[in-house]
Each structure stands twice: as C-alpha cells, then as structure tokens.
Amino acid sequence: MPLEEVPDPVFAQRMLGDGVAIDPTEGCLYAPCDGEVTVLQPSGHAITLRASDGVELLMHIGIDTVQLAGAGFDPQVKVGDRVRAGEVLVRFDLDAVVCGAPSIVTPVLLIAQDGVTVTRKHGGGMVAPGEPIFTVHRESATAEATDVVAGETAFRDVVVPLAHGIHARPAARLREVLVPFAAKVTITKGTQRADARSPVRLMTLGIKLGDTIRILAEGGRAEEAAATLAALIESGMGEKADPAAAAPVASPPQPAPAPVPAEPGLLAGVPAAPGLAIGTARFFRLPELTIDPIGKGASLERARLEDGLGRVAQVIDADLTHAAGPMRSILAAHRAMLDDPELLEAARQAILDGASAGQAWRQALRPQAALLRESGDAHLAERADDMVDLERRVVSAIEGVQDTPLLFPEDTILLADDLLPSQVTALDPAQVRGFCTARGGPTSHVAILAASLGIPALVAMGAALRTVEEGETLILDAGAGTLRVAPGDAQRSDAEARVAARAATLAAARAAAGAEARLADGTRIEVFANLGSVGDAERAIAAGAEGSGLLRTEFLFLDRDMPPSVAEQTAEYQAIAEALQGRPLIIRLLDIGGDKPAPYLPIAAEENPALGLRGIRVGLAHPQVLEDQLRAILGVRPIGVAKIMLPMIASVGELRAVRAVLDRLRGELGIGEKVELGIMVETPAAAVTADLLAAEADFLSIGTNDLTQYTLAMDRGNPAVASGIDGLHPAVLRLIADTCRGAASKDRWVGVCGGLASDPLAVPILVGLGVTELSATVSMVPEVKALLATLTLERARAHAAAALTCATAADVRRLAREFTA
C-alpha cells in the first residue's frame, strides 16, 4: 500500500523518507535486500539495514509499537550481522501486535539522503516475500560539499555519567555553555554525529548512561570549547548516577509496571503524581490543527515562521520570569528547542521547497519526535511530547489559532491517550481531580507538572483505558496505581471517607493559617516558607506564612550566559520582599557548584562535586559575584527586612571573610542599620562547632537535606543508596540537638529550612530539640501551623529525648507515628 495510507503523518508525509507500506498477513519480517544490520531497537519492533552502496532502509513493524516494550517481538539478528535478501529479520506475534497497537501497517523506507530517490514497483494489492517493491536510484555527484573550519582542532572522549543520558534539559545546557565560543563543535556516538548546539539532534543520538562519546571542536578556541563541554558533561549536571549503574544493559529502562489487578473493573497504571480522587470519567481529545501545506511565497512564509517563533518565545520568556522548580527547568528546555539551529534550518529549507510556515515547522519537528519515540530509551521517548507540544504552540501562533480553554465540570477525572506539558499547566485543579493517560511515563514532564500542581495521575495505562465509558464513576488511587471503574457502594463510601478526612484536615489548617503560630501552651514558633519566585511569595502569604526562611537565588543565575546585574537582582529581591508585605525575608547567597554550574563561572569537573567547590566556596572563589549579590541585597528597602544566609559553611573563617565584605559594602553605601548575617548548618563540622559559629553569626538555619547526606555519607542523588537517606536518623537528630545547644549558649535562634520542616512526623521532634523557626514548602505551611497548635513544649521535649535514644531512623519514625496518632 502507498505511504499516504499509513495512519501516522510522520510516515504518510514522508518525513523520514520515501518508500512503501506493508500490511502483513504473517508474523515475519524478511530482509528486502543484502546489507548490514546497523540499528535494532531493543524492543525489536524496528530495524535498519545499510546496503553495500551506503543507502539505509528502515523497517518499522506497526504504528506506536514501541509502547509494547518488546512483547510479541523475537528478533532473529543482531546489530553488525550481515544478511542476504529474504533472510528472516524479526518474527512477531501478529495477533498480539494487532490487539496491542493502533495499526500493524509496516512502513519500509529509504532513510532520506541527498541525491537518493526511489521508484515504486508495486501499485498496491497482495505482494509476496521476494517480489520487488521499489528501486533505489543514486544521482551522480558533481561536487562534494565540505565544511572547512580554519584554526585549531581539539577532541575529548567522555564517558557519560548522567543517570538518564543526554535528554532535553542537559542538551539545552550544552548549547548554552557553547554560546561564548565560535568553534564548530560536534558530538559523536558510534557512527552517528550531531551538532552540539542542536538539543534536538543530540537527543536523537540516544546517548545513555555509560556511553562513550567524542567531542570534536574545530576553529577558534577549539581546545577551550572541547574542555568546557567535557567538564560540564563529566560533572553530571545534577543528574550524576552511581558509577556502578553505568554498566551496559540489554534493554532501556521502562516505567515500573503496576500490579496487575485481580478483579474486574480495576485497571492498572504507573503512578505519576500521588493522591486519591473520586470523579466522573471525561475524555479529552485534542483535534489536529488543519493547515494549508502549500506556501504562498518563500519570503512571506519565512516572515510568518519567524513571527510565530517570536510569539511563542515571548510567552515562554515571560513565564520564565516567575517560574521556579520543575516548571522553570521545563520552560528552559522548551526555550532552547526554539533556538535549535537544525530545527530552524530544516524549517527554512522546507519553506524554500514550497511548504507553508506551519507545514515547515511541522516537518522539522515530527521526524525528530519520531526518532525520540523509537529510540528504545523510555526517558527519551517521553521527551518527544515536548516537541509535539512546541509544534502545536508554534503552528497555533503562525495560524492565529487559540485552543479552546480546558474547562471541565468540577468532578472530572480526565482520560486521554496522552497530554502535553502545556495542557497540564492549563488544567484547573478545582475542576480536574485527577487524570489518567494511555501513554506517557513516570519521569515525563507531564508527570512532574502534575505532582507540582497536586493533581493525582496515572500514566502508561495502555489500551485498557479506552474501554472506560464516558460518564462512569471512577476512583483514582495513584498511590496504589489503580483506577477503579464503576465502584460498588461500599468501595465508594470507603474512598469518600478517606477523601473527606483528608479535606477536613486541610480545611481546618487553612482556616487557621492566618493566625500567629504558637504551641498549645503559648510558646512562639515561627512558620516561614521556602521560596523561589514572586509567585511563591504570594502563595505563601495566602497560606499563612510569616515570612521566608529560605529564598533560593539560583533561579537568577542559571540558564543564562552572563551573571545578573546588581540592579536586576535588587529588583527581583525587592519584588519578593514587597509580596511578603514587610515580613522577614532570608536570602540564601548563590548555592551552585560542579553539580549545577553556570556557564560564566568556570568550575572544573570534580570527581565528587558534593565535596568540592560549592556553596559559599564558589562566592569566595569569585569575589565579584559575591560582592554584586551582597550589594543587591543591601539595596532592598526597608533596610534590614532582607537578611543574608550563607550556604555550606564549614568554618568560622568562611563566615568572617563574608562578614568583612559585607561590612565594607555597608560603609561604602552609608548603611548604618544592622543587616543580619546568618549561616546554614549543612555539614557535621558546622553542627559540632555551632557554639563557635553562633558567637559571630546572627542566626543558624539547618539544611537537613545536605546535613543528612553528609552525616550518613550517602549521596541523595545516587539511587543505589538514596533509599537509606532519612533525616530522622538518630545521628542527624543528635547533630541538630548539638546545633541548638551551641546556638542557645550564645543566645542565637535556630531554624530548619530543609525537608524535615515539612514532615509532620519530624516537626514535634525539631521543636523539642530547640528549633524555634520552621521554613516549610508553601503547601505545607497551614498543616505545620495546625500541628504546632496541638503540642506543648513539655511534650515535645519529652518526645525528642525519646527519639534521641532510638537506634535507627525506622525506630524514630515508629515512635513519631505513635506520638501523632
């Protein structure tokens, strides 16, 4: 059958190449010519052959068959094998694939190459193995184009240490770090290569943990460019895996399978965001945008393309100014794709070939998204949704089309084949109680956003989700990984009781959120919020926060080529201070290092970034950055509302060095008022010398996340040991007790701004140990305040004393559960 009849536009529109499609009547794929197997997807559903003259043929069994994760496919060859025409390549269970995939139609394509075309030999109808289906023609070349780059050449071989390989966000970081360099830089994996400035092309290489890649730089400052890129990759970019995990594996990681339900009406899915919800099934199907594929002149279509790209870039840039956390990372990756040189060049070339602006952008993105989906790497396949999202946003901007607002009745549990990141951010949690998708993965951007919005979600539910009827009652239990369809009265009553109990607890906490936080005996405990943006500050005030115990300033310094100016920083800090309406604002100085570097701060790759140049050490190593940030904070009005906190302090000498700079700047700026300077206790060294530090610091705040990993010698980014990291370990609690005693001896207060401040089991223990300020996540502020109101200092101290005698973190948690029961 002709490619036009394939039910997938990537193949039907020949975005990957020309050829034909086969609708198989038996479960066997034969070699269409002599050649070498160059690619065999681990799931066995797709294979590529290279013929002796260099042309490559792709055979893709079925549509969207990658989601079957290899079930039903039995490859008979391996990469590197040489085969003859007619040899069996893959056997497959025809019935299983027909039932599990949208279509069994199998495209056979000549992968697009300059100067190579096909002539189809069969007009359609029955065809048998061995019959000709098309002929390949190669045009004789009259000249060969060669890139000539003047100047030096340098290369580096790097073993990739990133747990998920080079996906969208790391690829965007690589592009950013190359901005100052003129050299042409490519990355090679095996026989494939890509422009290092093209995040999309890099992702199609399928670079995984443990792969060895070569960085080649040609031209001006080539040596420096290659070294910089190698150092950034070797740093792990905050995603460094356990070295033992880098051993090659036979197949890519897949979403953890949910338990198979043992009863009718119970469907399984992969948990993507926690929670329990009861609601009504409503399907979401977003129609394909209809566009005229034929352009009306290259200059007009080029202008339309640039206008559409500019409009979307403007929206993303505006969102970036107030985004924080996962949303900021996702937006930054999308913004980098908009500037991807290979995507732009592909779209512009398509316009020259006669395509309209929308069609050109679609043709540029869809083949790349298809390559990611068929990469065999589940993590990369999930990132294809980001490209589909960008395609739709830009095409909509070009065509002047706006999607209908996503409005649903308030009891909706949304069901969809898949959702795009921008669609998830447009959901109203007051309307959508949860969602389930047939596709997707637990580490996708959709899953990350659902968790940040507090919307329970299940993904990768497969074709079973399509059996649910519109309007049926559902119970979505993301924690259990199940979706119950048409529950019985007893099942529904039980779920409703669980949902109501949780809602009542939250409602009571929010109702009392505006009151001053005190224990039941009147003891004052301040409850602050951890912030990363003006939006966070506004939500914190609404939640009843009494100030901010931690403003992360990294959002101002990362994802850019130059450091922020003093004026830019002051404006941002001032806006957050005003959003807090005069409440205290504790600003943590820049806390970056080899694991989360900035392009303009040269930090060499370190074997263990957690023990290297990070925290306040970076500021002391780059005094201009430190001085500019201190100047910016001193510019916040009224003077004194913004307090300064130093990250990763290990000695009094570091505190004194910053104090000297601060005092000098106060003198230069004529500031006589006191500006408090405190420290974060994140190292055992700081905890055991708390009395010495308290003699010179104005306050101490414990970062329990880092204090725990340094105390237990466990990297919280290492999956091999991460499960053993618990801030309620007796060793960590004893260091917190030491900190409180040392600070009290110098009449200094102690706060906690790490994860334990948001843990209801930990809060009573922290108060009992002597902590008088808790800085929690915004969403937990009301609950923490409500919990404090039930305690007395006497009970908390007795409870903390008992916790210090426990032998393990599990024992402490067991004790804490009994205390709060």
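**Basis and a buried ring**

At 12% relative accessibility, Phe 284 counts as buried, the limit being under 20% relative accessible area with a 1.4 Å probe and protein chains only, while over 50% is exposed and the range in between partly exposed. Phe 408 is likewise buried, its relative accessible area being 15%.

The model is predicted, so local features need pLDDT of at least 70 and side-chain atom pairs count only at pLDDT 80 or more, whereas totals for chains, interfaces and linings use all residues. Residues are numbered from 1 along each chain as its sequence is written, and side-chain values use heavy atoms, without hydrogens and water.

**Aromatic pairs**

The structure contains three aromatic pairs; rings of Phe, Tyr and Trp (its six-membered ring) pair if their centres lie within 6.5 Å, with planes under 30 degrees apart counted as stacked, over 60 as edge-to-face and the rest as tilted. Among them is the tilted pair of Phe 73 and Phe 92, at 6.4 Å centre to centre and 35 degrees between the planes. Both Phe 73 and Phe 92 are buried.

Phe 284 and Phe 408 form an edge-to-face pair, with 6.4 Å between centres and 80 degrees between the planes.

**Charge over a ring**

Arg 214 lies over the face of Phe 155, 4.1 Å from the ring centre; the criterion is NZ of Lys or CZ of Arg within 6 Å of the ring centre and within 35 degrees of the ring normal.

**Contacts of Ile 736**

Leaving aside residues up to four places away in sequence, Ile 736 touches Ile 702, Thr 704, Leu 707, Leu 756, Leu 766, Leu 769 and Val 771 (contact: heavy atoms within 4.5 Å).
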